[in-house]
Number of protein chains: 2
Amino acid sequence: MTANQQRIEQHIESLSRFTATPGKGVTRLTYSEEDLQARNYIKEKMMNYGLRVTEDGFGNIFGKLEGTLPDAPSVIVGSHFDSVPNGGAYDGTAGVVVGLEVAALFKENNMKPAYPLEIIALVEEEGSRFGGGLMGSRGMMGLLTEEDFKKLADRDGILAVDAMADIWVNPANGKKRDPKTMKAFLELHIEQGPILEEKGIQIGVVETIVGLTQLEVTVQGKAGHAGTTPMDRRSDALVSASQIIAALPRLATDEGEGTVITTGRLNVFPNGANVIPDKVVFTVDIRSGKEEHVLNVVRKLEAFIAQQNCHGINTSTEQQLYIAPKELDADIRSLLKEASDKLEIPYCSINSGAGHDAMVFSDFTACGMVFIPSKDGLSHCPEEWSDASHLADGTDIIYETVKRLTEAKRL
Amino acid sequence: MTANQQRIEQHIESLSRFTATPGKGVTRLTYSEEDLQARNYIKEKMMNYGLRVTEDGFGNIFGKLEGTLPDAPSVIVGSHFDSVPNGGAYDGTAGVVVGLEVAALFKENNMKPAYPLEIIALVEEEGSRFGGGLMGSRGMMGLLTEEDFKKLADRDGILAVDAMADIWVNPANGKKRDPKTMKAFLELHIEQGPILEEKGIQIGVVETIVGLTQLEVTVQGKAGHAGTTPMDRRSDALVSASQIIAALPRLATDEGEGTVITTGRLNVFPNGANVIPDKVVFTVDIRSGKEEHVLNVVRKLEAFIAQQNCHGINTSTEQQLYIAPKELDADIRSLLKEASDKLEIPYCSINSGAGHDAMVFSDFTACGMVFIPSKDGLSHCPEEWSDASHLADGTDIIYETVKRLTEAKRL
C-alpha cells in the first residue's frame, strides 16, 4: 500500500470536529463558522503538500500542482466538504481527504506531472443551506447565473453572498471555469448504500449515476383557532400535506426498479399547537437509474397534488433541480479497473443511487468515480462510517490513475 | 355608554405594535422582548389608573385597588397578554384592555370598592413558547410545581427561568395565590368563532368551556440517504407521522357534536431535503363540550398511533394538558345577564370552544366570561378583528357586574 492510512484517518477525524452539532454528527453548512474552520484546515494541508491554493467566487477551494506542459488542462481530484444537518464524517469529506492524500503522495514520491494536478473541495453539494444541491459544481460550470446566485438565501433569509462575506470568501473572485482547462475529474465517495458491504468488496467503479429531481411543494390553507373552527369549515394545510406525503411511497414502489421518493424537509406555518396550519412547505426528492421512472413519478405526483385543490386548499409545485441519469467516462472506468487489477484490490461495477458533483462535471469533462463500502449502508446520519483501509485502497487506485492521466514522472 | 371606546381602541392599537412580526400579525411570546414592551405598557396604565402594581414569580401582572373591608378577597378582571405566532391583536389582549378600562372607570367615577378590585394580565395562556398552555393561571393556582416550572424550556432549549431573567421578571417573587384571596374572576374574550356574528348579537354570556387535551406525539424512525436507501428498507418517521395526521379529522367527525382535533405544530428532524427523517414530533389538540368525546378520541388515537409501531418505527405519546369541560358560575352568569338587561345590550348564552384561564380559576373561585363577536369567526391569525363598540359594550357589562361584586360606592 502506498497511501498513508494513519494520515487519512487523521484528516477524517480532524474535519469531523468542525461541526455545529458536536456529539450529534457532522453539521457543516456552507459558509458557516464550521465551513470556515474546515476551509482553513484544507487550505493549510494543500499548502503543506506544495499546492498553490485559490478560491473561486463560490468559495470552492482549488490546490494546484503545475505540470510541465504549458497551458495544459488539469486532472482534478476531490469532492465536497459541506454536510447535511446531523450527517456523518465521510460523505464528501472522504473524497476531499483522498484528494489531499494524492497530493501528499505526489510530494513524498517527488512526482512531477506533465498535466497539472488539482485537488478540489466543493461547497454546498447537499443543498442543506441554500436548497437544490450541487451548487459548487453547477456554479463553476456556469449552470448558476450570477443573478440567481445573488438571490440565493437560506431559510432565515440570509443571502448566500452575505454569508460568504462573513467567512471572508470573496464573491468577486472568478466564478466560471472554462471546461477546456479540465482534462478529467476523479471523485472517491462512500457508497451510502448496502451493496459493497453485502458483497464484501471494498471498491466499486461507478458506471452510471441516478437521475434525480427535487420539487418544493407549497400547500396553502387558512389559519384558524384549533378550538373554535368546526371540522367542516377548515382548510388545514397540514392535513392536506399529510395526505400527499402518506401517498408518496406508493408512487415509487409502483414504478419499481429501485425508484425512490423522499420528503426530507417539511416546515409548518405558523407552527403553534392551537392554530390550524395555514401553510406547509415540503421537498420531494425522486431518483431512478432510468429517466422515464423519474418523469412518470413527477407526472403522477403533480396530478395527485392538484387533486388537493379544494375546500380552500391551494397547492403549488416548483422544480428546484433536475438532472438526468449520467453514464461516467468509459476510458476512465477502464483506467480505474486496470489500476485495481495492478494493485490486486478486488472491485466491482456499481451504479450510484445518490447524486454527485461528478454528474455535473460529466457534461464538460471525462469523469470517474470510486465507491467504498458504507457500514450498514448508512449515510446522512451520525452513524455513517467507512473503513480507513478502504479509503487507503481507493486512494491508491486514484493515485495510480492520476499518475497515468497527468503523465507524471518521478524527478 | 360609560366605557371610553377611543381609549379602548388606543390600548388595542398600542399593544398590537409589540409584535416580533410587524405586518404579519401579533407574535408576542412569553418572556420575549415584545412581552417586556407590553408588560411595561400595561404596568404604566395600571399605575395611571391608581392601581398598586405587582408581579408574581411567573410574571403575571396584578394591579390592585384596595377595598374598604379589611382582608377581603378580590374581584379580579383580566385575561392573558401573550399571543400565538402570527396571531391577532384581540385574543387575550382584549380582556386585559377591558380590565384596564374598568380600572379607568373606577378612577374617573370615584368609585370606592368594599372588596378589592384587581386587574390581571396573565402570561403564557397559549403555550406558544413553553407548551401546554394556561401556564400563568395554572401556575398561580399551584397546578405547576416549582420543580416542573424550573424544567420548562422552549424549542431552542432556553429555560423559562432564564428567559424571565432577560426581561427582569423575578422568579423569586411569590408564585402561589391563596384561593381565599379571590372572590370572583371575570374575563372578556373574543369568541374566536362565527356564532355571535352570524346571530348579529354583540354579547355572549359563556355557560360552559369545552374540555381539551393536548398530546405530544413522537415518531422515531431511522435516518438514511434519500437516494441510496431502497423503499422497502426505510423507517421514515415523516411518512408514518403523515399517515397518523391524515387520519385525524375522521376521528373527530366520527365523534361529532362539535368535537375538533388539530395538529398545529410539527417538527421534522434532521429536516434536510435529501435525508430520510428519523424523528417527527407533533402536537394533537382535541376539544369537545362533552368529556366522553375527548376521552373517546384520545383512546382511538392512541390505538391508531400504536399500530404504526412496525418496520423500525417507534411511537410515543405524552399528554401535556388535560382539562375537563367546565360550567361557569351560575350566580355570575345571572349578574352579567342582569347588567346586559339594565344597559339594554342584547346578549345570548354561548359555549366556549376555546380553553381560557377562567377554566383554571373556576375550580377555585366564581368565574364569569363575556364573549364579543370575531369578524368572520377568525382568530389566531393576523386577520383577527373585533369591533371596538362591542368591546365597549362588554366593558360596560363587566363594569356594572364588578361594581356589584365589589360593593363599590361613589365617593
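The paragraphs below go through a predicted model, starting with the division of chain A into domains, then the pairing of chains A and B, and ending with some local details.

Chain A is split into two domains. Domain 1 is made of two stretches, 5–210 and 325–410, while domain 2 covers 211–323. The C-alpha centres of the two domains are 33 Å apart. Where they touch, domain 1 of chain A contributes 15 residues and domain 2 of chain A contributes 13 residues.The area buried between domain 1 and domain 2 of chain A is about 980 Å², with 61% of it on carbon and sulfur atoms. Three residues, A:G132, A:V210 and A:P325, supply 50% of the area that domain 1 of chain A buries against domain 2 of chain A, more than any other three residues. By class, the side of domain 1 that touches domain 2 of chain A has 6 nonpolar, 6 polar and 3 charged residues. Across this interface the rule finds 0 salt bridges.

The next subject is the relation between the two chains. Two copies of a chain are related by a rotation about an axis and a shift along it. Here a rotation of 180° with 0.0 Å of shift along its axis superposes chain A on chain B, with an RMSD of 0.1 Å. That is the relation of a two-fold axis. In chain A the C-alpha nearest the axis belongs to A:S242, at 2.1 Å from it. Both copies use the same surface, since 100% of the contact residues of chain A recur in chain B.

How many residues does the contact take from chain A and from chain B? Each of the two chains gives 59 residues. Together chain A and chain B bury about 4700 Å², of which 59% is on carbon and sulfur atoms. On the chain A side, A:M231, A:N271 and A:A273 lose the most area to chain B, and together they account for 13% of what that side buries.

Polar and charged pairs are found across the interface of chain A and chain B. The rule finds 2 salt bridges there. A:R233 forms a salt bridge with B:E198, and the closest N and O atoms are 3.3 Å apart. The rule also finds 16 residue pairs in polar contact across the interface of chain A and chain B, with both residues at pLDDT 80 or more.

Several elements of chain A give two or more residues to the side that touches chain B: strand 9 (224–225), helix 8 (237–255), strand 10 (260–262), strand 11 (266–269), strand 12 (275–276) and strand 13 (279–288). Helix 8 of chain A provides the largest share, 9 residues. By class, the side of chain A that touches chain B has 25 nonpolar, 24 polar and 10 charged residues.

Some local details remain. A cis peptide bond joins A:F269 and A:P270, with omega about -5°. A:P270 is placed in the loop between strand 11 and strand 12 of chain A. In chain B, the peptide bond from B:F269 to B:P270 is cis, with omega near -5°, and B:P270 lies in the loop between strand 11 (266–269) and strand 12 (275–276) of that chain.

Over all chains the structure holds 50 salt bridges. One joins the side chains of A:E101 and A:R7, at 2.8 Å from N to O. A:E101 lies in helix 3 (residues 93–108) of chain A and A:R7 in helix 1 (residues 5–16) of chain A, so this pair ties together parts that are 94 residues apart in sequence. Finally, A:Y31 is a residue other than glycine with a positive phi, near 65°. A:Y31 lies in the loop between helix 1 and helix 2 (33–48) of chain A.

Terms used:
Residues numbered from 1 in each chain as written. Chains lettered and ligands numbered in written order. Predicted model: local features only at pLDDT ≥ 70, side-chain atom pairs only at ≥ 80, totals over all residues. Heavy atoms only, no water. Domains from an automatic or database assignment. Contact = heavy atoms within 4.5 Å. Buried area = accessible area lost by both parts, 1.4 Å probe. Salt bridge = Lys/Arg side-chain N within 4 Å of Asp/Glu carboxyl O. Nonpolar A, V, L, I, M, F, W, Y, C, P; charged D, E, K, R; others polar. Least-squares fit on C-alpha atoms with pLDDT ≥ 70 in both. Polar contact = N/O pair within 3.5 Å; in protein donor to acceptor, adjacent residues only side chain to side chain. Helix = DSSP H or I, 4+ residues; strand = E, 2+ residues; numbered from the N terminus.
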